[in-house]
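Hi,

Here is the structure I promised to pass on. Have a look at it first, and then read on for what turned up.

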Amino acid sequence: MKKITPVIVALLLAIAAWNALDASDMQVNWNGEEVAGPLGALAGLLCAGGLLAGLLVLAVVAVLVAFLMAGVGFLLVGGLALLLALLLAPFLLPLLIPLALIAFIATRGRRRRA
């Protein structure tokens, strides 16, 4: 899945670029001259509406949202683990008593040897 994801993203970007440059009916009025066809579509994409600024803002927002969602995910997983530990603590007490006895016997044996 990791190997095919960049290929799919590149394919979708190529399709979007092809669709944007295929706008043969686009006409851009530049210094009083009409520029039409694929060159007009390219000029319209680059100059109209601040495409580069929009792409920069989109990239920054994507990174921020990724960090935000990762942080929220860590908090949720940690909170669920804490809740599960608190809910299971009373039920694990019978298991803890024999483990404490075994630890006590093991440390008592080490004290006698030393």
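A quick word on terms before the details: helices here are DSSP runs of H or I with at least four residues, numbered from the N terminus. Please keep in mind that this is a predicted model.

Overall layout: the protein chain has three helices and two strands, and from the N terminus on they follow the order α-β-β-α-α. Helix α3 covers residues 51-113.

On confidence, the mean pLDDT of the protein chain is 80, with 85% of its residues at 70 or more. Among the elements, α3 has the highest mean pLDDT (84), while helix α2 (residues 37-47) has the lowest (71). Where pLDDT is low, the predicted coordinates should not be read in detail.

Now the surface. The chain exposes about 10,100 Å², and 78% of that comes from carbon and sulfur atoms. A nonpolar patch on the surface has about 1,100 Å² of accessible area together; among its members are L84, L88, F91, L92 and I102.

How accessible is L88, buried, exposed or in between? This residue of helix α3 is partly exposed, because its relative accessibility is 38% and that class runs between under 20% for buried and over 50% for exposed.

L39 sits in helix α2 and counts as exposed, because its relative accessible area is 57%. L39 is 12 residues from Q27 in sequence, and their C-alpha atoms are 9.2 Å apart in space.

Key
Residues numbered from 1 in each chain as written. Predicted model: local features only at pLDDT ≥ 70, side-chain atom pairs only at ≥ 80, totals over all residues. Heavy atoms only, no water. Patch = residues over 30% accessible without salt bridge, like charges linked within 9 Å, V, L, I, M, F, W, Y side chains within 5 Å. Areas by Shrake-Rupley, 256 points an atom, 1.4 Å probe, with all protein chains shown as cover. Salt bridge = Lys/Arg side-chain N within 4 Å of Asp/Glu carboxyl O. Buried < 20%, exposed > 50% of the residue type's maximum accessible area, 1.4 Å probe, protein only. pLDDT = per-residue confidence, 0-100.
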